[in-house]
Amino acid sequence: MDIFISSAFGYSQKKKEEKEMKISAAVVAAFSLAFSFILVNFTGQCDAALQQGFYKGKCNSQDVEAIVASVVKRRFNDKPRVAAGLIRLFFHDCFVNGCDASILLDGDSSEKTAPPNLSVSGYDVIDEAKGLLEEACAGVVSCADIIAIAARDAVQLSGGGRYEVQTGRRDGSVSLASNVDLPSPRFSVSQSADAFAKKGIGLTDMVLLLGGHTIGFTNCSLFRDRLYNFDNTGKPDPTMDPLLVMKLRLICPRNSPADRTPVSLDQNLASTFIVDNSFYKQIRLGRGILQIDQALALDPLTNNTVASLANGNDFLARFGQAMVKLGAVDVLTDSQGEIRESCHLKNKPRSTFLFG
């Protein structure tokens, strides 16, 4: 520490011993405080700038989360499948450039136009909520926060319990299809784990987040190969329940280009619209639809976690915690980004007037 003080602050060795001791003590205290601050922030689970109740008192006495919830509830009551769409919208936004609502922006080459996003839904729900919030308090609530709140409400309305959403995100202005690099449904567990790790999300949280498929749907094109020609063998995937193969072949003919019938990712059809642990029970029975879903139950990296979630009663609480972690990925806060006036349009540059 004495060498550090000499080199950093240039104190002479001729200084009095008492003064050296005072300076050394001060530096030690300052260094300890700085290290403690770094440690607290490093070990924290979420972005320090996000907080629960961020908008309290900022929207002319209006409850921001209640406004969003009213829109989501009405849409859900009309069409329960909207819940799966909002959760998927949240995931697809956060996985590209972070949770910055860049997926909402229009444009010939925006994220919306990337193949994985062509079937994303829920945009109209976010736009409606944004319109009401602009009426209540213009320029205050970000589109990124609306997505996060709406996803939470979708989980709650689907029986998944309520978790507290942290807010304070701001909106990004960059949205490029070329940036969309989402984990493929045909990934192995290791490949998927690598993709999540790049976002700071660990293996267990990956398994929990993929549990969102409990109310998810897909189309035949994403799993038809598992029914007819898995890995170019000319045979179905041997890990899929043969009875399920027969059932799905009726829905997804070999040579049909059409994908008109949505297929539930949770094959317990009594639980199609319910957020619960049924998904994990089904994949343990060889009834996973997507290749990655089935792999979770078989791969040594994740099979114990799947078994624990299938047999336990803590999925709902842990799923909420994982969603909060996802919502903190690469967020823009404070003076970063912007608050869009419209969720699907970038703010227009402000005019600058020069006076002579």
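Guide: The link of Cys220 and Cys252 is left-handed, with -70° about the S-S bond. In this predicted model, the two sulfur atoms of Cys220 and Cys252 are 2.0 Å apart. Cys220 lies in the loop between β3 and α9 (224–228), and Cys252 in the loop between α10 (242–251) and β4, so the pair ties together parts that are 32 residues apart in sequence.

The structure holds four disulfides. When the bonded cysteines of the chain are numbered in sequence order, the pairing reads 1-4, 2-3, 5-8, 6-7. One of the four joins Cys143 to Cys343, with an S to S distance of 2.1 Å. The torsion about the S-S bond of Cys143 and Cys343 is about -100°, so this disulfide is left-handed. Cys143 belongs to helix α6 (residues 143–160) and Cys343 to the segment after α14, so the pair ties together parts that are 200 residues apart in sequence. Cys143 and Cys343 are both buried.

The disulfide of Cys94 and Cys99 also has its sulfur atoms 2.0 Å apart. Here the torsion about the S-S bond is about 120°, and the disulfide of Cys94 and Cys99 is therefore right-handed. Cys94 counts as buried at 0% relative accessibility, and Cys99 is buried with a relative accessible area of 1%.

The aromatic pairs come to eight in total. Among them, the rings of Phe217 and Phe273 have their centres 5.8 Å apart and their planes at 40°, so the pair is tilted; to be called stacked, the planes would have to be under 30 degrees apart. Phe217 lies in strand β3 and Phe273 in the loop between β4 (263–264) and α11 (278–284), so this pair ties together parts that are 56 residues apart in sequence. Phe217 is partly exposed, with a relative accessible area of 23%, and Phe273 also counts as partly exposed, at 38% relative accessibility.

Phe315 and Phe319 form another tilted aromatic pair, 5.4 Å centre to centre with 35° between the planes. These two residues are four apart in helix α14 (residues 315–326), and Phe315 and Phe319 are therefore separated by about one helical turn. Phe315 counts as buried at 3% relative accessibility, and Phe319 is buried with a relative accessible area of 1%. Phe315 and Phe319 form one aromatic cluster with Phe279 and Tyr280.

Charged side chains also sit over aromatic rings. The ring of Phe217 has the charged end of Arg81 over it, 4.6 Å from the ring centre. Likewise, the charged end of Lys58 sits over the ring of Phe54, 3.5 Å from the centre of that ring.

Phe279, a member of the aromatic cluster, leads finally to an annotated position. His213 touches Phe279, and its other contacts beyond four places in sequence are Leu265, Asp266, Leu290 and Asp293. An unreviewed UniProt entry lists His213 under "binding site". His213 lies in the loop between α8 (203–210) and β3 (217–218).

Notes
Residues are numbered from 1 along each chain as its sequence is written. This is a predicted model: local features need pLDDT of at least 70, side-chain atom pairs count only at pLDDT 80 or more; totals for chains, interfaces and linings use all residues. Side-chain values use heavy atoms; hydrogens and water are left out. UniProt positions are given in the numbering used here, feature names are shortened, and annotations may be inferred rather than shown by experiment. Contact means heavy atoms within 4.5 Å. Rings of Phe, Tyr and Trp (its six-membered ring) pair if their centres lie within 6.5 Å; planes under 30 degrees apart count as stacked, over 60 as edge-to-face and the rest as tilted. Buried means under 20% relative accessible area, exposed over 50%, partly exposed in between (1.4 Å probe, protein chains only). A charge sits over a ring if NZ of Lys or CZ of Arg is within 6 Å of the ring centre and within 35 degrees of the ring normal. A disulfide is a pair of cysteine sulfur atoms within 2.5 Å.
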